[in-house]
Amino acid sequence: MSMIETILKKERQRNEILLGMYEEELSKLPKGKIIPKIQNGRTYFYLRFRSREKVCTSYLGKDKNTLAETEEKLNRRKVVEKLVKELKAENRKIAKLEEKI
């Protein structure tokens with residue numbers, strides 16, 4: 001086994017471990033978007049997301065801390081989704097390189 005094959009194998013293993021960790025984290029994070037609704041001069045915040053074919057809405061409450069925490073989790077979800085996409089692209093490149101060797 002050449003040095004390049006060893007490096008590719010280790011990189012693939014590292015990517016698989018990271019993918020598993022990130023996908024587990026994604027399953028725990030909320031998805032969707034925070035939607036403000038104004039009724040009778042008051043602003044209410046809802047989390048709107050898609051569950052299969054259905055669009056669902058859940059009330060977040062008036063608490064600013066809960067709203068900030070949910071917004072932070074949604075931002076983290078975007079970052080993790082981007083990382084997963086990049087790791088999958090890396091895995092495809094590694095597979096192509098392994099075919100050539």
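Modeller: In this predicted model, helix α1 (residues 3-28) packs against helix α2 (residues 64-100) at an angle of about 155°, and their axes lie 9 Å apart. The axes are lines fitted to C-alpha atoms, for helices over the stretch in contact, and angles run from 0 to 180 degrees between N-to-C directions. Such an angle makes α1 roughly antiparallel to α2; the term covers angles over 145 degrees, while under 35 counts as roughly parallel, 65 to 115 as roughly perpendicular and the rest as oblique. The crossing of α1 past α2 is left-handed, that is, the near helix is turned anticlockwise from the far one by less than a right angle, clockwise being right-handed. By class, 12 nonpolar, two polar and 13 charged residues make up the contact of α1 with α2. Here Ala, Val, Leu, Ile, Met, Phe, Trp, Tyr, Cys and Pro are nonpolar, Asp, Glu, Lys and Arg are charged, and the others, Gly among them, are polar.

Along the sequence the pattern is α-β-β-β-α, with two helices and three strands in the chain. Both are DSSP runs numbered from the N terminus: helices are H or I of at least four residues, strands E of at least two.

The strands form an open sheet in the order β1-β2-β3, paired antiparallel; two strands pair if DSSP finds at least two bridges between them. β1 (33-39) and β3 (54-59) stand at the edges with a single partner strand each, so one side of each has no neighbour in the sheet. From one strand to the next the twist averages 35°. β1 is joined to β2 (residues 42-51) by seven bridges; isoleucine 34, for example, has leucine 47 in β2 as its bridge partner, and glutamine 39 stands opposite arginine 42 in β2. The hairpin of β1 and β2 has two residues between the strands, and asparagine 40 in the turn has a positive phi of about 55°.

As for overall dimensions, the C-alpha trace spans about 70 × 30 × 15 Å along its principal axes. The chain has a radius of gyration of 20 Å, whereas a compact globule of 101 residues would have one near 13 Å; the radius is taken over C-alpha atoms, and the globule rule is 2.2 Å times the number of residues to the power 0.38.

Two conventions apply. Residues are numbered from 1 along each chain as its sequence is written, and side-chain values use heavy atoms, with hydrogens and water left out. Local features need pLDDT of at least 70 and side-chain atom pairs count only at pLDDT 80 or more, while totals for chains, interfaces and linings use all residues.
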